[in-house]
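Start with the overall size.

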Amino acid sequence: MVQIEQDILSKNNGYAATNRQWFDAHGVFALNLVSSPGSGKTTLLVKTIARLKDQIAINVVEGDQQTSNDAERIRATGVAALQINTGKGCHLDGHMVGMALQRLQPADDSLFLIENVGNLVCPAAFDLGEHHKVAILSVTEGEDKPLKYPDMFRAADVMLLNKCDLLPHLEFDANLAEANARRVNPKLVVFRVSATSGEGMDAWLAWIRSGLKLQGVKRAGQVEALQRRVQELEHQLAQK
Ligand SMILES: Nc1nc2c(ncn2[C@@H]2O[C@H](COP(=O)(O)OP(=O)(O)O)[C@@H](O)[C@H]2O)c(=O)[nH]1
Ligand SMILES: [Mg+2]
Ligand SMILES: [Zn+2]
């Protein structure tokens, strides 16, 4: 069993590495949204897209076991979305995202958003080639979820604490939830948001914009390094 698992994961990592190289070569910023079902991934994506789509080209991959409901919700915003149905599967993998890239053909310097299958367990183990996993925890799920599903909160670089508009009606302790998440991952960046009221969304959008800018700078750096290498080679040839 362990051997099979290792084989599957190492094959997946190969696909993921290819995806990441492609993203980096094109200045595309890729995020993988992971959470339990119903924490608000699709709602957050719709609101995020509505705020960014006039300035940034965006493509979306939607993962669910069945239905294309979420892709339809995304397409209603006017951006391209591809639905992947995993059937019995409970996560997206690197190969699926590679196929989606071929279909969607994202523009250079665009934003690529992946909504993973709602599941706090195995999407943590599957690299899709994204730059960051973004874990969504909603305030109706309990403060202890980062402790119960530590792999996911360790694999993520960002946590969106969603549905904060409901806090006045609940006994949820947002500080405790954040502390629990930081216990498993001290470097976690946390944004408290509400997809429905819009609170906290500015900071999340600013984080996306800066990640996208960094991708552009990295790509420019790659181009410069290549140009320098070509100059060096030409210089060497000229001396022969
Ligand atoms: N009160 C509140 N409800 C939300 C918020 N975000 C999402 N929801 C609701 O939570 C439910 C599940 O949202 P959805 O985006 O489909 O979650 P997903 O399964 O993670 O994609 C829907 O009924 C949403 O309207 C929020 O910030 N506040
Ligand atoms: Mg969804
Ligand atoms: Zn799975």
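The radius of gyration used here is taken over C-alpha atoms, and the globule rule is 2.2 Å times the number of residues to the power 0.38. Keep in mind that this is a predicted model. With 240 residues, a compact globule would have a radius of gyration near 18 Å. The protein has 19 Å, which agrees. Along the principal axes, its C-alpha atoms fill a box of roughly 75 × 45 × 35 Å.

Now look at what the chain builds. There are eight helices and seven strands in the protein. Of the 240 residues, 37% are buried. Take the contacts with a separation of 6 or more: 75% of them come from residues 24 or more positions apart.

Next, find helix α4, which spans residues 94–104. Which of its residues are buried? They are G94, M96, V97, A100 and L101. These residues cover an arc of only 155° around the axis, which puts them on the same side of α4. The spacing has a simple background. An α-helix has 3.6 residues a turn, so residues three or four places apart point the same way.

Turn to the other side of α4. There, Q102 and R103 are exposed.

What covers the buried residues of α4? The cover includes helix α1 (2–25). It also includes the strands β2 (58–64), β3 (80–85) and β4 (111–115).

Finally, step past the end of the helix. Just after α4, Q105 takes a positive phi of about 50°.

Terms used: Residues numbered from 1 in each chain as written. Chains lettered and ligands numbered in written order. Predicted model: local features only at pLDDT ≥ 70, side-chain atom pairs only at ≥ 80, totals over all residues. Helix = DSSP H or I, 4+ residues; strand = E, 2+ residues; numbered from the N terminus. Buried ≥ 20, exposed ≤ 12 C-beta atoms within 10 Å, placed from the backbone. Contact = placed C-beta atoms within 7 Å. Arc of directions from axis to C-beta.
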